[in-house]
There are 2 protein chains.
Amino acid sequence: MSAPLRIGIAGLGTVGAGVLRILSTHPDLIAARSGRPIEVVAVSARDRAKDRGVPLDAYAWEDDPVALAKRPDLDVLVEVMGGHEGAPKDALEAAIATGKDVVTANKALLAHHGQALALEAEQSGRLIRFEAAVAGGIPVIKALTEGLAGNEMTRVMGVMNGTCNYILTRMEETGQGYNALFEECARLGYLEADPNLDVGGIDAAHKLSLLSSIAFGTQVDFDHVEIEGITAVTIEDVRRAGDMGYRIKLLGVAQMTGRGLEQRMQPCLVPATSALGQLQGGTNMVVLEGDAVGQIVLRGPGAGAGPTASAVLSDLVDIARGNRLPTFGQPASTLRQARPAKAAVPAPYYLRLHLLDKPGALAKVARVLGDAGISIDRMRQYGHEDATAPVLIVTHKTTRAALDEAMGGFEETGVMVDRPVAIRIEAV
Amino acid sequence: MSAPLRIGIAGLGTVGAGVLRILSTHPDLIAARSGRPIEVVAVSARDRAKDRGVPLDAYAWEDDPVALAKRPDLDVLVEVMGGHEGAPKDALEAAIATGKDVVTANKALLAHHGQALALEAEQSGRLIRFEAAVAGGIPVIKALTEGLAGNEMTRVMGVMNGTCNYILTRMEETGQGYNALFEECARLGYLEADPNLDVGGIDAAHKLSLLSSIAFGTQVDFDHVEIEGITAVTIEDVRRAGDMGYRIKLLGVAQMTGRGLEQRMQPCLVPATSALGQLQGGTNMVVLEGDAVGQIVLRGPGAGAGPTASAVLSDLVDIARGNRLPTFGQPASTLRQARPAKAAVPAPYYLRLHLLDKPGALAKVARVLGDAGISIDRMRQYGHEDATAPVLIVTHKTTRAALDEAMGGFEETGVMVDRPVAIRIEAV
């Protein structure tokens with residue numbers, strides 16, 4: 001058996017402690033699979049005294065993650081601090097500069113600086129691996145980069161923020177509105193320090209941008225992910241969508257089109273009976289579509305100590321085994337700059353309109369849609385007690401431009417009680 | 001860019017032709033991801049003249065797969081002939097003996113000779129990779145061997161024979177019996193040359209035995225997979241199980257228990273609303289459970305040219321990239337011999353009994369169950385027009401020994417119209 005792989009862990013939160021726990025529980029199993037032991041040499045975190053449920057006595061301590069990264073007695077830096085500027089980035093760069101491979105769970109860092117960091121690593125002959133950065137315990141980076149390497153990928157999709165999916169699931173189950181459930185998440189500790197990372201869709205968009213890069217051979221382009229969080233999703237739409245056979249999910253979709261790369265992270269409707277529609281609570285799901293394989297669906301826990309540490313271990317075992325893979329599946333220097341394409345792929349839409357209850361109102365709505373070239377697949381008008389009539393429409397496939405035209409047209413009809421709602425229906 | 005990876009393909013059926021198609025459609029994509037081109041040098045099949053929809057002019061031809069395997073101008077043999085004795089085995093061994101890596105889709109060969117072949121490969125410093133052998137396009141071998149390498153696996157499960165799942169799904173949809181649907185599959189060309197490989201559960205059991213080996217670090221032990229096919233599944237049970245909220249699936253389960261390794265491939269009931277229960281038609285699903293990650297579910301096409309070739313390409317790209325992994329995830333010489341444990345894990349059971357419609361019949365049944373220490377979770381008695389009363393029982397968790405005792409006891413009650421049916425309910 002070869003010499004141990006010597007690692008240092010920067011960050012001893014949930015993930016870091018989870019990694020320590022696996023390595024101390026299963027040293028022999030890991031060594032048998034890796035062909036060599038994986039040995040924690042040193043760790044770094046804010047507070048040494050904090051009780052993390054794992055003993056730290058056996059490891060050297062560094063107060064400064066950059067000092068940890070520079071230690072000459074390490075082969076790999078495991079960066080599980082989080083945050084996309086400052087210490088984590090400095091530590092990662094210091095590790096590469098001093099000849100170490102890096103395993104990170106830091107999607108924000110890679111979404112913002114992935115291309116530059118991958119180039120740095122490449123020029124130094126080092127690796128950056130990040131299985132834990134996307135969809136927790138689901139080995140999706142590996143599936144995409146290696147398992148489907150024979151495919152021209154056509155679309156990648158996913159529900160990749162457990163907190164958002166928890167809120168949307170609970171809205172449906174309990175009939176409570178977004179705000180009440182946001183409070184529940186805050187109480188349960190399900191939210192990032194900046195909750196907008198979760199409910200604003202940013203965390204999930206970080207992840208999507210990383211999957212896009214691998215899938216399409218393009219440089220990470222987080223800035224062109226169109227992002228809409230779940231804060232504007234109403235309980236009425238959750239219920240009405242359900243009536244029409246759909247569920248609302250915060251769904252990320254990346255697709256290479258004739259016009260360029262479309263990346264969206266937004267609330268979408270999916271059929272209630274589909275795998276994505278069935279996804280409950282904090283679980284994640286990623287859908288990978290390639291020209292040879294068709295559709296692969298992966299489901300698993302998107303967060304938590306065990307699942308995320310499992311993903312970190314996957315990268316560590318790979319490195320211990322000598323598997324050396326470019327950060328985004330091919331050399332960073334060969335990744336193309338994506339041409340961003342906004343709203344390139346047509347889709348059907350769900351529309352909810354509150355109309356004044358007077359003769360001709362519906363005809364006006366229908367005329368606006370017709371004028372925009374949008375045809376109606378299904379429509380439902382509800383009984384009502386006040387003077388307004390809620391109308392649900394599922395359109396046939398249409399472009400975003402046509403939809404925007406119709407949304408503008410609705411305003412001019414004079415029969416809208418409040419702003420019409422439009423939610424994309426994604427074919428899954 | 002490095003020198004091409006030179007491959008020979010033995011077998012030009014669906015899979016072989018699919019591999020040629022991917023390599024000729026996406027040479028640049030594959031080269032970018034592999035770091036080098038993958039080049040087909042020579043091929044071999046039974047009939048050169050047969051139209052496979054892909055031109056063969058560019059490749060050297062060998063009539064004999066063993067001669068192909070021995071060619072000095074190859075780095076890798078792709079064995080996609082099928083069959084577990086004779087030519088495929090000879091070709092694989094010849095390839096290893098002459099210093100080549102092997103990629104195979106041959107589950108039967110590995111189920112029967114995996115340990116010996118893995119040892120041969122190891123002693124020669126060569127690789128055997130077999131992503132395409134299990135669950136078609138789903139990168140499950142990679143997920144298990146690499147993606148979850150940090151986990152002590154607790155259970156692996158799967159629906160891994162599309163033909164069986166197609167038949168069971170169609171039974172439910174159409175109300176037709178097994179025999180009619182078997183004929184339909186024969187007409188559609190869904191069956192192996194020896195259909196018992198499919199409907200007898202053998203093909204799926206081959207696959208399960210390979211997953212077991214990786215999951216538990218044990219030598220492939222196909223001989224101790226308890227196998228029961230779907231030929232005895234009746235339309236009545238499909239319907240009755242549905243009434244109780246279940247679906248019948250040919251489900252493989254491998255589990256390491258205190259008594260040893262339990263491996264079963266048999267019709268099981270799973271909740272109709274579960275991911276496995278929702279699985280329709282020819283699609284495959286594999287569930288991987290580990291101590292750190294919890295549960296990962298993978299779904300995708302289990303057969304067909306594109307998906308299977310996608311899996312072959314995954315192995316080829318890995319080899320081209322220089323990723324060298326032991327056949328079953330750790331050196332074959334370190335794999336333990338599994339202690340086979342039959343019926344080690346208790347489970348609830350679904351029982352269907354046809355009772356003579358006379359006083360005390362049900363009491364006798366209840367007494368048999370009570371005497372065997374089996375308690376009843378739910379029971380349903382149906383109205384009936386003749387003199388027999390169909391009774392459905394869902395038991396609480398019980399051992400197989402207790403179940404067998406009860407099944408014997410039923411016979412002695414004198415109130416059974418025909419043989420009682422018992423089907424395991426798997427917790428999923």
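In this predicted model, strand β7 of chain A (residues 153–159) runs antiparallel to strand β9 of chain A (residues 246–257), and four bridges join them. Within this pairing, Val156(A) stands opposite Ala254(A) of β9(A). β7(A) also pairs with strand β11 of chain A (residues 283–290), again in the antiparallel sense, over six bridges. There, Met157(A) has Val287(A) as its bridge partner. β7(A) is mostly covered, with six of its seven residues buried.

Two of them are listed here.

| Pair | Centre to centre | Angle between planes | Class |
|---|---|---|---|
| Phe130(A) and Phe328(A) | 5.5 Å | 55° | tilted |
| Tyr178(B) and Phe182(B) | 6.0 Å | 40° | tilted |

Phe130(A) lies in the loop between β6 and α6 of chain A, and Phe328(A) in the loop between α13 and β13 of chain A, so their pair ties together parts that are 198 residues apart in sequence. Phe130(A) and Phe328(A) are both buried. Tyr178(B) and Phe182(B), by contrast, are four residues apart in helix α8 of chain B (residues 178–188), a separation of about one helical turn. Both Tyr178(B) and Phe182(B) are buried.

Charged groups also meet rings. Arg240(A) lies over the face of Tyr382(A), 4.1 Å from the ring centre. In chain B, the charged end of Arg240(B) sits over the ring of Tyr382(B), at 4.0 Å from its centre.

Finally, chain B is superposed on chain A by a rotation of 180° with 0.0 Å of shift along the axis, at an RMSD of 0.0 Å. This is the relation of a two-fold axis. The same surface serves both copies, as 100% of the contact residues of chain B recur in chain A.

Definitions and conventions:
Residues are numbered from 1 along each chain as its sequence is written. Chains are lettered from A and ligands numbered from 1 in the order in which they are written. This is a predicted model: local features need pLDDT of at least 70, side-chain atom pairs count only at pLDDT 80 or more; totals for chains, interfaces and linings use all residues. Side-chain values use heavy atoms; hydrogens and water are left out. Copies are superposed by least squares on the C-alpha atoms of residues with pLDDT of at least 70 in both. Contact means heavy atoms within 4.5 Å. Buried means under 20% relative accessible area, exposed over 50%, partly exposed in between (1.4 Å probe, protein chains only). Helices (H or I, at least four residues) and strands (E, at least two) are DSSP runs, numbered from the N terminus. Two strands pair if DSSP finds at least two bridges between them. Rings of Phe, Tyr and Trp (its six-membered ring) pair if their centres lie within 6.5 Å; planes under 30 degrees apart count as stacked, over 60 as edge-to-face and the rest as tilted. A charge sits over a ring if NZ of Lys or CZ of Arg is within 6 Å of the ring centre and within 35 degrees of the ring normal.
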